[in-house]
Structures are given as C-alpha cells and as structure tokens.
Number of protein chains: 2
Amino acid sequence: MDLFQLADRIIDCSAGSDKQQGDSAAVRDGRRTPTDFSSIYSKDLLPASGCDEMTKEFLQELLNILLAYICKSSRRSAKVLDFHHPHQLKEGLEGFSLELPDQPETLEQLLVDCRDTLKYGVNTAHPRFFNQLSSGLDVIGVAGEWLTSTANTNMFTYEVSPVFILMEEVLLKKMQSIVGWSGDEGDGLFCPGGTISNLYSILVARYYFHPEVKARGMGALPRLALFTSEHSHYSVKKSAAVLGIGSDNVVVVKCDERGKMIPADLESSIVTAEQKGLVPFYVNATAGTTVYGAFDPLDDIADICQRRDLWMHVDAAWGGGLLMSDRHKSLFCNVESSQNDGGPLQCSVILIKKRGLLQDCNELGAEYLFQRDKPYDVSFDTGDKSIQCGRHVDVFKFWLMWKAKGSEGFGSQVNKCLENAEYLYDQLQRRTGFELVFKNKPEHSNVCFWYVPPSLRSLQPGPDRDTRLHQVAPCIKRRMMEKGTVLIGYQPLGTKVNFFRCVFSNPATQQEDVDFLLNEITRLGEDL
Amino acid sequence: MDLFQLADRIIDCSAGSDKQQGDSAAVRDGRRTPTDFSSIYSKDLLPASGCDEMTKEFLQELLNILLAYICKSSRRSAKVLDFHHPHQLKEGLEGFSLELPDQPETLEQLLVDCRDTLKYGVNTAHPRFFNQLSSGLDVIGVAGEWLTSTANTNMFTYEVSPVFILMEEVLLKKMQSIVGWSGDEGDGLFCPGGTISNLYSILVARYYFHPEVKARGMGALPRLALFTSEHSHYSVKKSAAVLGIGSDNVVVVKCDERGKMIPADLESSIVTAEQKGLVPFYVNATAGTTVYGAFDPLDDIADICQRRDLWMHVDAAWGGGLLMSDRHKSLFCNVESSQNDGGPLQCSVILIKKRGLLQDCNELGAEYLFQRDKPYDVSFDTGDKSIQCGRHVDVFKFWLMWKAKGSEGFGSQVNKCLENAEYLYDQLQRRTGFELVFKNKPEHSNVCFWYVPPSLRSLQPGPDRDTRLHQVAPCIKRRMMEKGTVLIGYQPLGTKVNFFRCVFSNPATQQEDVDFLLNEITRLGEDL
C-alpha cells in the first residue's frame with residue numbers, strides 16, 4: 001500500500017512542552033517505526049482521554065501526505081491531473097470508494113482515502129495549471145488555513161473571535177487606504193466569494209437609495225435598473241435575480257473591441273432606461289474582466305455616476321491585485337464600493353465607502369447573539385453587518401500572507417504574473433499558427449488566442465472557417481485532459497468562436513511553462 | 001521566546017518517497033537541531049526552486065504549534081479564553097502586532113504570530129465551552145480541512161473538482177435518504193452557513209411558484225407572505241430582506257410555552273394574510289430552535305402546507321443531527337426543503353425535494369465556465385445551481401468524518417450530547433438557586449435556566465425581581481470571561497429576562513464539566 005511509503009518516515013513530535021502528556025516509549029527514543037493505523041479508529045483520538053499521542057501521530061501522518069503533495073505539486077514532471085470520468089470514479093478506482101459506511105473505518109483507510117482524494121483531484125498549484133483565475137498554492141496561505149480550521153471559530157462576535165475580528169478591521173482599513181479612501185470612511189466584510197461580494201454591493205446600494213426595501217420589499221419600490229458591461233461577470237445578473245430585482249433589469253452596456261465598457265453607451269443606456277420608466281441606481285464597473293482582463297474606464301464611469309447620482313461599484317475580484325503594484329495601480333480611481341479576491345479559496349472582500357450602511361442594511365439585532373449588555377465595546381460584534389449568521393474566518397490566511405510578503409511582496413508577485421503575460425503575448429506573435437483575439441498588449445495577465453491548425457490556415461475568414469475553428473480548442477482541451485500535462489481554459493465570447501484564455505496568477509509559473517503550453521497546443525492540435 | 005519550546009523537538013519528515021528531492025545533511029541523520037527561521041522568509045519556500053526541505057520544516061513547525069494547541073484544548077486545566085478588550089489587543093500585547101508591514105517579516109515572526117493568534121483566541125474545543133451551538137474539535141474534520149486547503153480548488157466544475165463534486169453528490173443522496181426522500185428525487189448543495197441555506201429555500205420556493213421573478217423581479221409578483229415562528233432563527237427575516245420580499249412580509253407565528261410553533265396560529269395567520277391581500281407561499285418550520293432547542297410540530301405543519309399548497313422548509317441547522325440518532329429521529333417528517341449543519345465551520349447543506357429546481361432557479365450558463373462542449377458529462381458541473389460562482393469545498397471534511405464514524409458513530413455522538421443535557425436538567429432541579437425557564441425535559445441539548453442569587457430568592461415575582469434578575473447573567477458572564485475557566489451564553493427572550501442557555505454539541509464535554517459549570521455560576525454569582 002502506497003501509504004506506507006509515506007508512513008515510512010522517521011518522525012517524532014513528542015518532545016518539548018507537552019512531555020508530561022504521556023509520551024509512549026516508542027516515541028521517546030527519538031526514532032520509531034511507523035504507527036500501524038489498521039486497527040485504530042477516530043474514537044481513539046482526542047477528545048478521548050489519554051489519546052494525545054495517537055492524535056499527534058495521526059495528524060503527523062496526514063502532514064506527511066500533504067507535504068508530499070505540496071512538493072510534488074511544484075514539480076514540472078508531475079501531472080496536472082489524472083482525468084477520470086464521473087462513472088469511473090464512482091465505480092471505485094483501485095478501491096477508492098466514495099460511499100459512506102454505517103460502521104466506522106480505520107484511520108489507515110482514512111489516510112489512504114486522503115491520498116486518493118489528492119491523487120484523483122486537479123493539481124491547481126502546478127506551474128502549468130492555467131485553467132482558472134485562481135491558481136498556485138501559497139504556503140503561508142495554506143498555513144493560515146490550517147490554523148484557521150484548528151481554531152474553528154466563527155466571525156459573528158468579538159466574544160468568540162477577538163483576534164480575527166480585529167484582523168479583519170486592520171485588513172479592511174489597509175485595503176480601504178490602498179483604494180484611496182480616508183481613514184474615517186469606509187466599511188467592509190470578508191465574504192464567501194466574489195459573487196457574494198458583488199451581491200452585497202447591489203444590496204447596499206439599493207438600501208442606500210430606498211431604505212424602505214428592507215421591511216417592505218421590492219413591491220414598495222419603483223422598477224429599478226442597474227448597469228454592467230457585456231464583458232462583466234455573470235454574478236451581477238445572478239445577484240439581481242436573487243435580490244428580486246430581476247435579471248431583465250440589468251442593462252448590458254456595450255464594450256469596445258478590447259472589452260472595456262463604452263462610457264457613451266452607458267450614458268445612452270441610462271437615458272433609454274429612464275425613458276422606459278425604470279429608475280437607474282447602480283453601475284458595476286469591472287477592473288479586470290474575466291475573459292479579456294479588461295479595465296473599464298473607471299474615471300469616465302465615475303463622472304457619469306456622480307453627475308447622475310448613481311452608486312458606482314468596482315468589481316475588482318480579478319484586477320484588484322494590480323493595486324498592489326506601483327507600476328499598474330493607476331488603473332483605479334475612487335468608487336462607492338469595491339471587491340477584491342486573493343489568497344487561497346475562499347478570500348473575498350466587499351468594501352463600502354459609506355460607513356454604517358452595511359450595518360443598517362443588514363442588522364436584525366438577534367438578542368441571543370448580539371446582546372447589548374456585554375462587558376466590552378459591542379461595536380466590535382460585526383456579525384450583524386453580514387447576510388450570513390455563522391461566517392467562516394477567511395481573514396487569517398490573508399493577514400498572515402500580508403505579514404509574510406509585505407505590501408511590496410504582493411506588488412512584485414503581481415508584476416511577475418504580468419511579465420509572464422507579456423512573454424506569452426510576444427511569443428504568440430512570433431509563432432506560426434497562433435492568432436490573438438485582440439491585438440493590444442494585455443492590461444492584465446489574460447491573454448486570449450486561437451490556435452489555427454495547418455489545415456485551416458488557408459481558409460478565408462467566414463462561417464465555414466469559424467465552424468471548424470470553434471471545434472479546435474475543445475478538441476485540444478480534451479487531449480490535454482487525457483495527457484494531464486497542462487490545463488488551460490477556452491470559451492466563445494460574443495461573435496468570437498472558441499478561443500483559449502491563458503491567465504497568470506500562479507507564482508510557480510515561469511517562461512518555460514509558457515513555452516511548454518504553446519508547444520503542447522501545437523503538438524496536440526496540428527493534425528486537426 | 002516561547003516558540004523555541006515548540007521548535008525544540010526532534011523532527012524529521014524527510015525520508016521516504018521524496019528522498020531524491022535534496023534532503024539536507026542536517027535532516028538526513030535522523031535527529032537535528034531546530035531550524036532557525038529568524039533569517040528565512042516566505043520567498044525561501046515553494047514554489048521557489050530547491051525549497052522543498054525548508055517548506056517541509058516550516059509546515060512541520062506550524063504542525064507542532066497546532067498539535068500543542070489541540071492537545072491543550074482538551075485539558076480541563078487550560079483556560080477557555082484569555083480575555084482582552086479590543087483596545088488592549090490593538091495596542092500589541094507582548095509584541096503581538098496586528099498591523100500589516102510594507103516589508104516582509106521572517107518565518108520566525110510568523111510562527112510567533114500563529115502562536116499568539118491561538119493564545120488570544122477563544123478555545124471553542126474546550127470541554128467547558130458552552131457558548132455557541134457549534135463547539136468541540138473533531139480531529140478528523142480538522143484533518144479534512146487541512147487537506148481541503150492544500151488541494152485549494154473550487155466547487156464550480158467537475159473539471160477542477162472531480163472528486164469533491166462526486167463526494168457532494170454521495171453525501172447529498174445519503175442525507176436525502178435519511179430525511180426520507182426516494183432515490184431519484186432530491187437535490188441540494190453545500191452552502192456557506194445555515195443562514196444562506198435558509199435563504200436558498202426561500203429563493204427556490206419563490207421561483208417554484210413564480211418563475212418569472214428571475215427575469216422580471218418582485219415587481220412582477222403579487223405581495224408575497226412567508227411564515228415562521230417567533231422562536232425561529234433570524235435568518236428567515238434577514239433572507240426576506242435580502243431577497244426583496246421585505247421583513248414585514250414575514251409573518252411571525254406564535255409558539256407555545258415550550259417554544260414550538262402553534263399550528264392553529266399558523267393557520268389563522270395564513271387566513272389573515274390572505275385577507276390583507278398577501279399571497280402566502282412558504283412556511284419555515286424549525287427542527288431545534290436556537291434558544292430552547294424546540295421542535296415545531298412538523299407533521300401538523302406539513303398537513304397545513306399540503307392542504308394550502310405552500311412550500312414547507314425545515315430549518316434543521318441545529319436539530320438535524322437528531323436524524324442520526326435512532327432514539328430521536330421520530331421528530332422529523334417529509335418536507336420540501338431542509339438544511340443541516342455539521343462538522344467544523346463552515347458545513348451546511350440545503351436539500352430541495354424537487355430535482356432540477358435549484359438549477360433552473362439559479363443558472364445563467366456563463367460560457368467561460370460552463371461550456372457544453374466539454375469531454376465529459378457536464379451535468380456534473382453543478383456550479384450554476386449555486387448563487388455563488390467560486391464555492392469553497394466544504395464537503396470533504398464531512399465526508400471524511402462520515403467515513404471515520406460511520407452513520408452509527410454520528411448517532412452515538414448525538415445521544416451523548418442529549419445525555420449531558422438530561423444530566424444538567426436533573427441537576428438544576430436538585431440544586432438550590434437554579435430555576436428552569438420551562439419545565440419540560442429538553443427535546444434537544446438546549447437547557448435554559450436562571451441562577452437566582454441568595455439576595456433575590458425571597459423576592460416576589462414581579463417587575464422589581466425581573467429587573468434585578470435580568471442583570472445577574474450578564475454580571476456572571478463578565479466574571480466568567482475574566483476568569484476564563486468556562487463560557488456559556490445568555491439572552492432574554494420575549495417576556496423572559498436574561499437567562500443562561502447551555503447547549504451540548506462538544507464530544508469532549510463530560511458530566512464533571514456540567515458540575516463545574518453549575519459550581520462556577522454559583523461561586524461567581526452568590527454575592528450578587
């Protein structure tokens with residue numbers, strides 16, 4: 001069993017301050033044979049009494065598995081994924097059964113399951129994983145998550161999360177100052193993902209203009225309209241549906257060829273909406289669109305919003321990182337609310353410029369949780385700002401990463417990703433068979449391109465070529481998944497047929513990985 | 001520096017399958033002195049090349065800190081908390097600074113910060129932490145979270161989360177069968193907390209009766225009304241506000257003395273709402289209320305809902321665990337949707353009886369993520385069912401816990417918590433100075449009581465006694481937080497002045513801890 005390769009380590013984590021807790025003889029002599037977990041169960045771990053050592057040994061063994069995975073993740077020779085179809089995994093590959101038993105299983109079986117879970121998963125930390133906006137594994141971020149789950153507490157009150165609540169305050173203030181807000185304004189929260197952050201922005205904007213909505217609902221309001229670009233994230237429409245505004249009342253504003261919102265079209269869309277009897281209240285601008293990585297012209301949009309008294313939100317889930325780079329932060333300006341992602345999943349923030357609004361919008365003052373007669377300053381019980389009750393501690397990993405890198409470290413990490421994007425952009429222009437989806441240099445780390453196999457290169461632009469080109473990326477992707485050596489995403493967009501989108505956010509990625517990607521696409525696609 | 005007490009361990013995790021990765025001589029000889037992290041930075045860890053060993057040593061050191069914390073957590077002699085006011089923590093106690101630097105800090109400093117974060121936090125795993133519904137630390141659950149954050153992927157598609165997506169399917173089906181739904185019906189999702197699960201239930205119910213709401217918003221609908229009991233969780237009102245239904249349109253149904261919804265009051269409330277022109281569509285029944293732990297009469301409520309064609313949801317965030325106990329599962333019946341919490345935070349599920357509705361309600365079909373031309377069965381790309389885009393992997397820890405305990409193990413864990421509650425209930429009746437808030441035996445593990453200090457015992461019931469009794473629990477709680485030996489919550493409810501609520505969900509808690517709690521309350525409160 002492969003487990004024993006990992007278990008076959010010389011471990012001892014028993015010495016030091018816990019010596020009084022009953023170290024076993026086998027452990028005390030500094031070296032020992034691997035623990036046999038084949039007749040040990042979870043009932044033999046803490047909190048059962050006298051189980052300190054067994055708990056340590058089990059978690060040590062898990063650590064060994066995780067360390068092996070982390071080290072393997074960074075090796076280029078390792079696979080990005082070992083693809084199996086759903087039915088194959090369900091059938092129980094090599095004994096890996098997903099089914100849940102009535103009787104407990106041994107710790108040995110659990111450790112085997114952990115290894116298998118990692119084995120059949122996708123290695124998002126691999127230097128050649130380009131498939132998603134989030135990639136890479138920050139060791140400090142992982143350390144932060146391990147501590148967070150060990151502390152296992154909840155963000156609703158200072159009473160149960162004193163340190164994490166204060167860390168959230170410190171981080172939000174820091175982010176607000178980077179966005180350019182002064183010290184006494186600004187509010188915010190960590191949210192379970194960027195889509196929920198966008199939802200908060202619409203929720204708070206609606207409440208700002210129409211506070212009666214909280215008690216009386218949308219029935220008491222005129223028909224609202226909000227605006228976002230055709231390249232913006234689908235979460236704006238999704239949130240409008242959830243919030244009872246309706247996805248039809250999201251007006252889609254046109255973009256230029258580069259994927260940036262056209263301010264004149266925003267302005268005319270607002271006028272048209274008003275003429276139809278709708279009441280515009282909110283504009284979402286995107287700093288780093290999902291596919292093209294485009295930055296909407298924030299200054300121009302801000303002017304329009306100010307002139308017309310509309311709430312301006314910046315969805316910076318993808319582009320927010322550029323604020324950390326001195327070379328690239330000029331793309332931002334002042335806004336009403338903003339959201340940012342970063343760190344291992346989940347790690348997203350909503351920032352609101354108007355202090356107190358989040359609390360007013362969402363508070364219900366449940367007395368079992370938010371008592372006013374507590375022995376400390378209850379303004380630190382920030383849980384009622386949230387639309388959740390229990391809220392996961394997402395802040396710690398990010399706080400620890402900031403300590404580890406410093407503001408400067410974040411900046412250089414961003415710069416490195418953008419350099420990789422520029423390198424790919426250059427390579428695409430030099431190599432035969434590749435075509436850029438848009439000509440300009442990337443503003444962010446997204447680079448969008450087609451691979452055109454030799455058989456299509458002589459075809460004239462038109463529907464026939466489009467139909468055939470549309471099938472190239474999915475076919476190459478399928479082969480890629482079977483090989484498992486690299487992973488990149490594709491999609492159509494508007495009138496453009498399926499193209500590859502390469503994004504760089506993984507600090508492990510080097511120029512050699514970019515070369516590998518292009519070589520692999522060519523190798524897998526040249527016969528198509 | 002205390003860190004070195006922890007660092008002073010004999011560790012070696014270098015042997016085995018990764019030997020080729022360049023073990024240092026210091027490590028290879030099986031024992032070594034602690035690594036000096038005082039000049040090492042995060043840039044010296046993976047993905048930087050040649051940093052496998054340093055990464056392992058850093059994470060090993062973190063593990064030692066976490067293991068020491070886990071072992072200490074279960075010791076009764078350790079404090080539950082070491083309370084400090086916000087301003088004290090902000091000032092930087094013993095050098096623990098929350099501020100974020102421009103320059104990177106050393107790994108040594110980060111490890112010290114990790115220790116301080118745990119030191120000044122609240123030990124929710126302590127056998128005497130009774131403050132929140134969720135308490136205790138499940139070692140297997142923690143192991144699951146560590147693996148989850150190491151795998152660092154996202155639940156949106158099978159493409160990037162093959163194993164976790166299938167585990168979610170397996171777990172949902174298992175939970176559906178326990179709720180009593182047949183194999184081919186039923187749908188669901190893991191959600192970021194019980195409040196969001198409740199929000200899903202209202203969202204889906206609204207869509208079921210009025211699918212036009214998705215595109216056209218609440219403006220296209222009649223004025224909806226939903227129903228929940230006065231003892232139910234505040235998340236129902238909060239969700240109604242978020243969804244644009246309005247908290248005023250949540251009709252609060254009366255409860256009996258025991259905290260259970262009165263079916264006759266539900267029926268008359270529905271009639272009254274209809275007479276006012278509202279359109280009832282949804283009833284939330286609670287299986288285990290937050291404060292009293294009461295179970296609404298689910299069968300009676302189901303009858304009313306069926307007769308009147310209303311959606312019935314069961315909020316089982318707290319009481320759902322009883323489904324795992326053969327002795328207590330009779331409290332449940334068939335329902336339209338249901339939600340359950342369990343495992344380390346966050347771990348919550350929404351179950352929907354009508355298959356396909358979640359997808360129809362929430363899908364937007366973003367082409368960059370949910371391509372239809374993928375090389376596998378894309379019905380496993382379940383991300384578009386969610387109101388999130390990125391979704392944290394909450395399933396794995398719960399799956400691993402289930403493997404570890406088996407269905408039977410969950411059941412006996414629940415039974416033990418209920419035995420503790422019965423023991424407390426008995427003790428309260430035997431001891432002087434304690435009064436039960438309601439007389440009946442607890443249905444769940446909540447036990448609500450007053451401590452009446454000697455000076456109040458001769459007072460007649462009435463406003464004067466109430467005013468003084470109202471101040472007792474907060475005062476004892478304040479003293480408790482200062483001592484840090486035990487933690488329990490209190491609240492007023494309706495006309496009842498502040499009382500203690502003791503809840504049992506921590507497997508570490510024994511009867512001796514119940515005795516300690518009552519002794520401590522007496523000791524801290526007898527002079528009041």
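Guide: A salt bridge here is a side-chain nitrogen of Lys or Arg within 4 Å of a carboxyl oxygen of Asp or Glu. Keep in mind that this is a predicted model.

Visitor: OK. Which residue of chain A does Glu169(B) form a salt bridge with?

Guide: Lys90(A), and the closest N and O atoms of the pair are 2.7 Å apart.

Visitor: Which helix gives the largest share of the side of chain B that touches chain A?

Guide: Helix α3 of chain B, residues 52-73, with 15 residues.

Visitor: And how many residues does the contact take from each chain?

Guide: Chain B contributes 169 residues and chain A contributes 169 residues. The area buried between them is about 14,800 Å², and carbon and sulfur atoms give 63% of that.

Visitor: What rotation superposes chain B on chain A?

Guide: A rotation of 180°, with 0.0 Å of shift along the axis and an RMSD of 0.0 Å. The two copies are therefore related as by a two-fold rotation axis.

Visitor: Which C-alpha in chain B is nearest the axis?

Guide: That of Leu243(B), which lies 2.1 Å from the axis. The same surface serves both copies, since 100% of the contact residues of chain B recur in chain A.

Visitor: Switching to Leu137(B). Where does it lie?

Guide: In chain B, Leu137(B) sits in the loop between β1 (129-130) and α6 (139-151).

Visitor: Buried or exposed?

Guide: Buried: the relative accessibility of Leu137(B) is 11%, and the cut-off for buried is under 20%.

Visitor: What is Leu137(B) in contact with, neighbours within four places in sequence aside?

Guide: From chain A, Ser149(A), Thr150(A) and Asn152(A); from chain B, Ile70(B), Ala125(B) and Val142(B).

Visitor: Why the split into two sets?

Guide: In a regular strand, side chains alternate between the two faces of the sheet.

Visitor: Which way does β2 of chain B run against β8(B), parallel or antiparallel?

Guide: Antiparallel, with five bridges joining β2 (residues 187-191) to β8(B). In one of these bridges, Leu189(B) has Ile350(B) as its partner.

How values were computed:
Residues are numbered from 1 along each chain as its sequence is written. Chains are lettered from A and ligands numbered from 1 in the order in which they are written. This is a predicted model: local features need pLDDT of at least 70, side-chain atom pairs count only at pLDDT 80 or more; totals for chains, interfaces and linings use all residues. Side-chain values use heavy atoms; hydrogens and water are left out. Copies are superposed by least squares on the C-alpha atoms of residues with pLDDT of at least 70 in both. Contact means heavy atoms within 4.5 Å. Helices (H or I, at least four residues) and strands (E, at least two) are DSSP runs, numbered from the N terminus. Buried means under 20% relative accessible area, exposed over 50%, partly exposed in between (1.4 Å probe, protein chains only). Two strands pair if DSSP finds at least two bridges between them. Buried area is the accessible area (1.4 Å probe) that two parts lose on being put together, summed over both.
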